[in-house]
Amino acid sequence: MKTNKLLIADDDGIILEVLKGTLSKKYELITTTDSKEALGLFLSDPTLVAILDLNMPGVSGKDLMLQIFAAGYKPNIIFLTAETDVKTAVELFKTGAHDYLVKPFNSVELMSRVDKAFEMAELRIINENIQ
């Protein structure tokens with residue numbers, strides 16, 4: 001598992017291009033607009049961090065996260081959504097989400113949160129190796 005590789009799944013092509021423009025300078029990206037394809041991409045090349053759109057056609061971002069977890073992986077998942085309902089955010093955190101950003105997002109804040117997600121993932125690996 002490369003420590004600078006990031007999976008991004010968002011069905012909005014414009015958002016996906018903005019994410020690529022912001023994150024490709026620092027991270028190697030695996031991107032898709034299809035949530036079903038995202039699962040296959042993740043399972044064939046797991047990443048420490050993934051950015052998932054919450055509301056995608058077919059399989060929702062939350063269900064995709066749960067499928068990844070069920071396969072035995074625990075990447076830090078950052079959700080992007082237009083939903084501002086606090087209950088939605090709380091539910092995502094309860095089911096294992098690492099972070100939650102509301103669209104439209106600030107690119108500087110996005111980069112900061114992705115950096116933090118990678119730091120936390122790397123610390124988790126170090127902790128697991130120590131134990």
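Visitor: Hi! Which residues of helix 3 are buried?
Guide: In this predicted model, helix 3 spans residues 61–70, and its buried residues are G61, L64, M65, I68 and F69. They sit on the same side of helix 3, because they cover an arc of only 140 degrees around the axis.

Visitor: And what covers those buried residues?
Guide: The cover includes helix 2 (35–44), strand 3 (49–53), strand 4 (76–81) and helix 4 (86–94).

Visitor: What does I68 touch, leaving aside its neighbours within four places in sequence?
Guide: I68 is in contact with L39, F42, Y73 and P75.

Visitor: Nice. Which members of the largest nonpolar core touch the most other members?
Guide: Out of 21 residues, those are L52, L64, M65, I68, I77, F79 and L92. At least two residues each come from strand 1 (5–9), helix 2, strand 3, helix 3, strand 4 and helix 4. Helix 3 gives the most, with 4 residues.
Guide: Another core, of 20 residues, lies apart from that one, and its members include I8, F105, F118 and A121.

Visitor: Is I130 buried or exposed?
Guide: I130 is exposed, because its relative accessible area is 67% and the cut-off for exposed is over 50%. I130 lies in helix 5, which covers residues 107–130.

Terms used:
Residues are numbered from 1 along each chain as its sequence is written. This is a predicted model: local features need pLDDT of at least 70, side-chain atom pairs count only at pLDDT 80 or more; totals for chains, interfaces and linings use all residues. Side-chain values use heavy atoms; hydrogens and water are left out. Buried means under 20% relative accessible area, exposed over 50%, partly exposed in between (1.4 Å probe, protein chains only). The arc is that of the directions from the helix axis to the C-beta atoms. Contact means heavy atoms within 4.5 Å. A nonpolar core is a set of buried Ala, Val, Leu, Ile, Met, Phe, Trp, Tyr and Cys residues joined through side-chain atoms within 4.5 Å.
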